[in-house]
Each structure stands twice: as C-alpha cells, then as structure tokens.
Amino acid sequence: MLKTLAMALQFLTRFYVYRGEFDEQAYGRAPLFFPLVGLFLGAAWTALYFSLSPLFPPAVTAALLVLGMVVFSGGLHLDGFMDTMDGIFSGRSREKMLEIMRDSRVGAFGVLGLVCLLLLKFALLFSLPREVLPRLLLTVPAISRWGMVYAIARFPYARPQGLGLLQVRHTRGRELALASLCALGAAVLGGPVGLVLLFLSLVLVHQLGRYLTGRLGGLTGDTYGAINEILEVFLLLVAYPLLNYLPVTFW
C-alpha cells in the first residue's frame, strides 16, 4: 500500500518519493489514493494562499495561486486537457480524434481551451470571498481527483494499450469505494457545502464520462486530466450560486 501511495503521489505531483522499479499492480491501483493526494495538494494550495495574501493584492495572489497549482502538479492535467480539446473539437472521426490526442504538438483548440481555463480559474480565485476561499482550496483538489477515479473505474479505456489501461485493469469497485471514502472525508473538512460539491461532481463526472465515451469509444489518460481540470473550475464556479442559495451555516 505504501508503494501504491508513493506512486500516486509521484504520478499526480512533482514530489518524487518513489525510486524503485516500476510495479504494474501498484501503479494500476494508485487511483485509490488520488483523493488523498488531492487533499495534500489542497493543503499546499491553502498554505500558499495564507502565505501570499498578507503580502500581495488579491489579483496577484490569485495569479500566483494558479501558478502554484501548475507547479505542484507539474501541469500534467493541463496537458491532458489541451490534448482532449484538440481531439474533441477537431470534428474528425473517432480514430482521427484519438490520433490527434496522441500527437505531442498542441493545436489551436488546445491553446484556446487552456487560455479560457486559466483565465476562469484566475477570475474565480480573485473573486471568491476570503471567508470561503481557503476551505475551497483545501477540498476542491481532492474532489476533482476523485472524479478521475470514478472515470477510471466506471468507463472503458479507448485504446488497446497505454499506461491508463493499467489503471483501468486494477482500479475497480473496491478501489473506487476506498477513494470515495477519502473524498467524503475531504468533503467533510469543507463543511456541509463540501458534501454538496461532492454530489455535484458525481453528476458532472458521470455526464462527462458518458459524453467522452460516446465521442471516443472510451476514455484515455488525456481525458482523465481534462475531467480533473473541468471539475476544478466547475466546483469553484458553482460556489457562487451556492453562496446565494445555501444558508450561511453551510459555509
């Protein structure tokens, strides 16, 4: 289990803690720790916020928070998001979309998608009230990475080979259940609103999985990254109407 946790941490972050030989089963089961790693990233994100906010104006703090998460995660999910945008919006056949997503070059749709994504993240981090932002910074990364586990466990893989296929083979109901318990714990740390966000993320990730499977015949490592990024922005975005409609005790 420690090896599996180390592989999950190394896969999702820039914190390299595992130096041993590649273990297929440990790597394949790593998603069960994705929400825990997300909680670790959320704690780092929150600590960064408390370190920066007394020193800089809100706009600079928000920009540095966006940069901080890119550095912490190594931009892994952003790369998958760009590749997915290039493939899905290419208007080509299923096989051609998968081929475009495999290409290491980034196209116009990937660049446009990335600009819109980062701009929206910045605007949300800049605009959310300081009373609720730290709690969101802590819980959102854990919930969004749980969404990847749900996608891995519940939807087929689109390619006949690939590292993502190993995770699909070894991440099943048991791993999803354990990851869900961890995500539930992270949501509880966010208060009652965290439970609302977890439920909303379940609805969104299921619909995203169905849509992408319909377009691609399954999911890929790139789409897992795209799901994470979309969930992060969605959860920050939906916090605004929740502020207006949920009682103050939920926050």
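These numbered points go through the annotated segments, helix packing and selected contacts of a predicted model.

1. On the annotated segments: the UniProt record, an unreviewed entry, places the feature "transmembrane region" at residues 32-52, 58-78, 106-126, 176-204 and 224-243. Two of these stretches can be set against the predicted coordinates.

2. On α1 and α3: helix α1 (residues 2-12) and helix α3 (residues 34-52) have axes that come within 9 Å and cross at roughly 55°, which makes α1 oblique to α3. The crossing in which α1 passes α3 is right-handed. From α1 the residues L5, A8, L9, F11 and L12 take part, and they meet F34, L36, V37, F40 and L41 in α3. By class, this contact of α1 with α3 comprises 10 nonpolar residues, no polar ones and no charged ones.

3. On α11 and α12: helix α11 (residues 192-216) packs with α12 at an angle of about 140°, the two axes being 9 Å apart, and α11 and α12 are therefore oblique to each other. As with the pair in the previous point, the handedness can be stated: α11 passes α12 in a right-handed crossing. The α11 side of the contact consists of V193, V196, L197, L200, S201, L204, V205, L208, L212 and L216, and the α12 side consists of T223, I227, I230, L231, F234, L235, V238 and L242. The residues of this contact of α11 with α12 divide into 16 nonpolar, two polar and no charged.

4. On α7 and α12: helix α12 (residues 221-245) also has a contact with helix α7 (residues 108-127), their axes coming within 10 Å and crossing at roughly 35°. In this case α7 passes α12 in a left-handed crossing. The α7 residues L117, L120, K121, L124, L125 and S127 meet E229, E232, V233, L236, L237 and Y240 in α12. When sorted by class, the contact of α7 with α12 has eight nonpolar residues, one polar residue and three charged residues.

5. On salt bridges: the structure holds six of them, and one is set out here. R29 forms a salt bridge with E175, in which the closest N and O atoms are 3.0 Å apart. This pair links distant parts of the chain, since R29 sits in the loop between α2 (24-28) and α3, whereas E175 belongs to helix α10 (residues 173-189), the two being 146 residues apart.

6. C182 and L39 are separated by 143 residues in sequence, yet their C-alpha atoms are 9.0 Å apart in space. Once the neighbours within four places in sequence are left aside, C182 is in contact with P35 and L36. Of these, L36 is also one of the α3 residues that α1 meets.

Technical notes. Residues numbered from 1 in each chain as written. Predicted model: local features only at pLDDT ≥ 70, side-chain atom pairs only at ≥ 80, totals over all residues. Heavy atoms only, no water. UniProt positions renumbered as here; feature names shortened; annotations may be inferred. Axes fitted to C-alpha atoms, helices over the stretch in contact; angles between N-to-C directions. Helix = DSSP H or I, 4+ residues; strand = E, 2+ residues; numbered from the N terminus. Parallel < 35°, antiparallel > 145°, perpendicular 65-115°, else oblique. Left-handed = near helix turned anticlockwise from the far one by under 90°. Contact = heavy atoms within 4.5 Å. Nonpolar A, V, L, I, M, F, W, Y, C, P; charged D, E, K, R; others polar. Salt bridge = Lys/Arg side-chain N within 4 Å of Asp/Glu carboxyl O.
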